[in-house]
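Me: I'd like to go through this one with you, a piece at a time. Have a look and then I'll start asking.

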Amino acid sequence: MAMSLGDDTLLCNFPKCRAKLSGFAWVTACSHVFCDQHGSSEFTRSPAICPACSSALSGKLDIVRTELSPSEEYKAMVLAGLRPDIVLDISARALAFWSYQVHQERMYQEYSMSRADAQLKQMEKILTQQNQSRELELNAMRGEITSLKKVMEEYKRKYSEVSERLMERNRQYQKLQGLYDSLRLRNMVVGAGDRDMAPQLGQDLNTAVARQATPQRSPQFLPLGPNVDSRFFSCLEADGAKTFFQFSSPARDKSRTSIIKH
């Protein structure tokens, strides 16, 4: 909106333009200056409105298109014939216009600096909040890491215990496997000896069966009880019973002989 500090070049007051002016420029009665491009596009419409302050520019000399670097002939003739007080008045007004532009530029720079400072403070505040949030997250993660380390140590301890148990089971299994192998070899040896003794054992078994199959001739007496008269012998084989009852006792023969004699 004005000249740059430390430089004698005016800047276009059109918003978002701020181009350095050279050649021709459009100057307004409200002390604003515009580049030839924006001045031509804005001030050809009626009524003309200042793009910088929105002032109405309806006067004949409210808008002037001027050459910023006039020739020597123009500078020699523009104020020629005027009284010194008029020349001084024109010069004072020109200097006032220049001072206003410098003041506007300073205000613009201060405004830009204040906005930048506010943005910087806002960014610092956001950064502080983010740092605090990150610090909280970092502390939470550190606590989680500590708990996970404890869990990992517990798992390591359980793993070592399970490994020891597994090794003990493997040792027991190896012992049992050795015992099983020795018993299997012993059974194989005993089985081979039994096969050698099988014929002799078969003969002995046949002899025992034949002995049990031979019929017994002696009668089997039952134990004497109250009914000794009704049951004297339990059971007799057919041949044995017949032989037994055909036998005549000596007592009966003697009694019979004595009866005949009488």
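Me: Let's begin with Ser54. Is Ser54 buried or exposed?
Reply: Ser54 counts as exposed, because its relative accessibility is 56% and the cut-off for exposed is over 50%. Bear in mind that this is a predicted model.

Me: Where is Ser54 found?
Reply: Ser54 sits in the loop between β3 and β4, the latter covering residues 56-57.

Me: What about phi of Ser54?
Reply: Phi is near 65° for Ser54, a positive value in a residue other than glycine. Most residues other than glycine have a negative phi.

Me: And what is phi of Ser31?
Reply: Ser31 also has a positive phi, near 70°, and is a residue other than glycine. Ser31 belongs to the loop between β1 and β2. With a relative accessible area of 21%, Ser31 is partly exposed.

Me: Step back a bit. How many helices and strands are in the protein chain?
Reply: The protein chain has five helices and five strands. Along the sequence, the pattern reads β-β-α-β-β-β-α-α-α-α.

Me: How much of the protein chain is made up of buried residues?
Reply: Of the 262 residues in the protein chain, 12% are buried.

Me: And the contacts, what share join residues at least 24 apart?
Reply: That share is 40%, taken among contacts between residues at least 6 apart in sequence.

Me: OK, rings. How many aromatic pairs does a search of the whole structure find?
Reply: Two aromatic pairs turn up in the whole structure. One of them is Trp26 with Phe43, a tilted pair with 6.0 Å centre to centre and 45° between the planes. Trp26 is in strand β1 (residues 24-28), while Phe43 is in the loop between α1 (36-42) and β3 (48-49), so to speak 17 residues away, and the pair links distant parts of the chain.

Me: Why is the pair of Phe34 and Phe43 edge-to-face?
Reply: The planes of Phe34 and Phe43 are at 70°, and planes over 60 degrees apart count as edge-to-face. The centres of these two rings are 5.6 Å apart.

Me: Which residues form the aromatic cluster?
Reply: Trp26, Phe34 and Phe43 form one aromatic cluster.

Me: Are Phe34 and Phe43 buried or exposed?
Reply: Phe34 counts as buried at 1% relative accessibility, and Phe43 counts as buried at 10%. Trp26 is buried as well.

Me: Which residue lies over the face of Phe24?
Reply: Arg65 does, at 4.1 Å from the ring centre of Phe24.

Me: Now the largest nonpolar core. How many residues has it, and which have the most contacts inside it?
Reply: The core has 16 residues. Those with the most contacts inside it are Cys12, Leu21, Val33, Phe34, Phe43, Leu57 and Ile63. Strand β2 gives the largest share of this core, three residues. Both β1 and β2 (33-35) supply at least two residues each.

Me: What does Ile63 touch?
Reply: Leaving out residues up to four places away in sequence, Ile63 touches Trp26, Val27, Phe43, Ala48 and Leu57.

Me: And Val33, where does that lie?
Reply: Val33 lies in strand β2 and is buried, with a relative accessible area of 1%.

Me: How far apart are Val33 and Gln101?
Reply: Val33 and Gln101 are 8.7 Å apart in space, C-alpha to C-alpha, and 68 residues apart in sequence.

Me: Is Glu42 buried or exposed?
Reply: Glu42 counts as buried, because its relative accessibility is 19% and the cut-off is under 20%. Glu42 lies in helix α1 and touches Phe14 and Pro51, not counting residues up to four places away in sequence.

Me: Last topic. How much space lies in the largest pocket?
Reply: The largest pocket holds about 1,000 Å³ of space. It is lined by 24 residues, and the closest to its centre are Val27, Thr66, Ile90, Ala94 and Phe97.

Me: Which element gives the most to the lining of the largest pocket?
Reply: That is α3, with six residues. At least two residues of the lining come from each of β1, β5 (63-67), α2 (72-77) and α3 (84-213).

Key:
Residues are numbered from 1 along each chain as its sequence is written. This is a predicted model: local features need pLDDT of at least 70, side-chain atom pairs count only at pLDDT 80 or more; totals for chains, interfaces and linings use all residues. Side-chain values use heavy atoms; hydrogens and water are left out. Rings of Phe, Tyr and Trp (its six-membered ring) pair if their centres lie within 6.5 Å; planes under 30 degrees apart count as stacked, over 60 as edge-to-face and the rest as tilted. Helices (H or I, at least four residues) and strands (E, at least two) are DSSP runs, numbered from the N terminus. Buried means under 20% relative accessible area, exposed over 50%, partly exposed in between (1.4 Å probe, protein chains only). A charge sits over a ring if NZ of Lys or CZ of Arg is within 6 Å of the ring centre and within 35 degrees of the ring normal. A nonpolar core is a set of buried Ala, Val, Leu, Ile, Met, Phe, Trp, Tyr and Cys residues joined through side-chain atoms within 4.5 Å. Contact means heavy atoms within 4.5 Å. On a 1 Å grid over the protein atoms alone, a cavity is a set of points where a 1.4 Å probe fits but cannot get out, and a pocket is an open set with protein on both sides within 12 Å along at least five of seven lines; lining residues have an atom within 4 Å of a point. Grid points are joined across faces, edges and corners, and a volume is the space filled by probe spheres set on the points.
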